[in-house]
Amino acid sequence: MDRRLTHLEGMPDPRPGREPEVAVIALGSNEGDRGEMLRSAAERLRRLPLVDALRMSEPIETVAIRPDGPDPDAPPYLNAAALMTTRLAPSVLLGMLHAVEEEQGRVRRQRWGDRTLDLDLIAYGDFISTAAHLMVPHPRAAERLFVLEPWLSLDPEAVLPGAGRVDELVRRLKDGGQ
């Protein structure tokens, strides 16, 4: 008998995994066929290992944001949010998001520049990290309607850890921060 194929039914897995967690991912594109870029990125994310489910919002078109504010002269973005149920560790997931960006043709020419695909890890359950290589929740998520509104369309009860209910954050941003 080939021992490599032996399976002990009923025995606990000697490599217990993480419990599934819901990760919130922001998707954006302002170069090329933006809609196709978001669709193919979502399909690729669904096929990542240890991903149990992924739901993506309808995309919305938004003005490009630069460090000094909105840039109406730049190509507009198509943005969406995805809720992913995964057992990947947050740091591993972030690395895989970067790999998917590269697979889809992302070239990092300049920070805040135009891009074929941008995938940001916005939240990972209640997990919080302030490490420079893994800032979760995303440090600017609470300021971005193009992240919050698509997320809210998928989960009306959404909460951004450390910032509060997403519906309240959206309301405050629309009311001018009041």
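## Gln104 and its surroundings

The side chain of Gln104 makes a polar contact with the side chain of Ser40, at 2.6 Å. A polar contact is a pair of N or O atoms within 3.5 Å; within protein, one must be able to donate a hydrogen and the other to accept it, and residues adjacent in sequence count only if both atoms are side-chain atoms. This is a predicted model: local features need pLDDT of at least 70, side-chain atom pairs count only at pLDDT 80 or more, and totals for chains, interfaces and linings use all residues. Residues are numbered from 1 along each chain as its sequence is written, and side-chain values use heavy atoms, without hydrogens and water.

Gln104 lies in the loop between helix 2 (90-103) and strand 7 (118-124). Helices (H or I, at least four residues) and strands (E, at least two) are DSSP runs, numbered from the N terminus. Gln104 is buried, with a relative accessible area of 19%. Buried means under 20%, exposed over 50%, partly exposed in between (1.4 Å probe, protein chains only). Not counting residues up to four places away in sequence, Gln104 touches Met37, Ser40, Ala41, Thr116 and Leu117; contact means heavy atoms within 4.5 Å.

## Gly95 in helix 2

Gly95 sits in helix 2. Gly95 is partly exposed, at 39% relative accessibility.

## Strand 1 and its partners

Strand 1 (residues 21-29) is mostly covered, with seven of its nine residues buried. Strand 1 pairs antiparallel with strand 6 (residues 77-86) over nine bridges. Pairing requires at least two DSSP bridges between two strands. Ala26 stands opposite Ala81 in strand 6.

Strand 7 also runs antiparallel to strand 1, joined by six bridges. Here Val24 faces Ala123 as its opposite residue.
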